[in-house]
Amino acid sequence: MKIKVLDAGAFIENLYTTGITSESVAEETRVPPTVEILSPKTEFINKIKIAARETGDSGVLSKADIDVLALGLQMDGIIVSNDFAVQNVAEHLKLLWEGAGKSMTKKINWIWYCPGCKRLQDAKGVCEFCGTETKRRPKHPRNQKKQESRRKRL
Ligand SMILES: [Zn+2]
């Protein structure tokens with residue numbers, strides 16, 4: 001059986017008492033003594049950061065989110081998280097995940113844009129042209145649907 005890698009949301013309601021979590025999660029929340037606390041290796045953290053840039057989730061993932069994803073990758077475990085961005089990156093890397101309560105229904109590719117001058121941006125932050133704070137929206141939902149039906153046909 002695969003090990004469960006738990007993020008902070010998994011400890012609400014005491015639903016999970018076995019599995020592993022990261023030190024950064026343990027700093028945020030009370031972790032049962034039966035849960036093992038580990039720190040992910042840098043190479044896995046780096047892989048998660050790259051994947052999060054690809055999906056457009058880098059701006060919204062916390063250190064604890066990245067650590068949980070990295071541990072999931074490192075241990076080949078099942079990530080337990082209520083965070084849509086965590087679920088999205090897990091999906092992108094084809095990692096197994098489950099929601100501790102609510103779950104995302106499909107993968108989203110986000111793009112960042114400037115609400116001021118409408119230019120597309122690389123990441124969360126401030127637009128280099130007009131200084132407006134960037135926002136994000138799903139990337140071409142219509143094309144995504146097309147891609148999904150194509151995948152189903154294969
Ligand atoms: Zn702008």
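This is a predicted model: local features need pLDDT of at least 70, side-chain atom pairs count only at pLDDT 80 or more; totals for chains, interfaces and linings use all residues.
Local features need pLDDT of at least 70, and side-chain atom pairs count only at pLDDT 80 or more, whereas totals for chains, interfaces and linings use all residues. Residues are numbered from 1 along each chain as its sequence is written.

Helices are DSSP runs of H or I with at least four residues, numbered from the N terminus. Helix 2 has 14 residues, which at 1.5 Å a residue should span 20 Å. The expected span is 1.5 Å times one less than the number of residues. The end C-alpha atoms of helix 2 are 20 Å apart, which agrees. Just after helix 2, Gly 56 takes a positive phi of about 85°.

Ile 48, Ala 51 and Ala 52 of helix 2 are buried (20 or more other C-beta atoms, placed from the backbone, within 10 Å of the residue's own). They cover an arc of only 100° around the axis, which puts them on the same side of helix 2. The arc is that of the directions from the helix axis to the C-beta atoms. The face turned away from this buried side carries Thr 42, Glu 43, Asn 46 and Ile 50, which are exposed (12 or fewer such atoms).

The buried residues pack against helix 3 (63-75) and helix 4. Residues are in contact if their C-beta atoms, placed from the backbone, lie within 7 Å. The axes of helix 2 (residues 42-55) and helix 4 (residues 84-92) come within 9 Å and cross at roughly 100°. Axes are lines fitted to C-alpha atoms over the stretch in contact, and angles run from 0 to 180 degrees between N-to-C directions. Helix 2 is therefore roughly perpendicular to helix 4 (65 to 115 degrees). Helix 2 contributes Ile 48, Ala 51, Ala 52, Glu 54 and Thr 55 to the contact, and helix 4 contributes Asn 88, Val 89 and His 92.

Terms used: Helices (H or I, at least four residues) and strands (E, at least two) are DSSP runs, numbered from the N terminus. Angles under 35 degrees count as roughly parallel, over 145 as roughly antiparallel, 65 to 115 as roughly perpendicular and the rest as oblique. Two residues are in contact if their C-beta atoms, placed from the backbone, lie within 7 Å.
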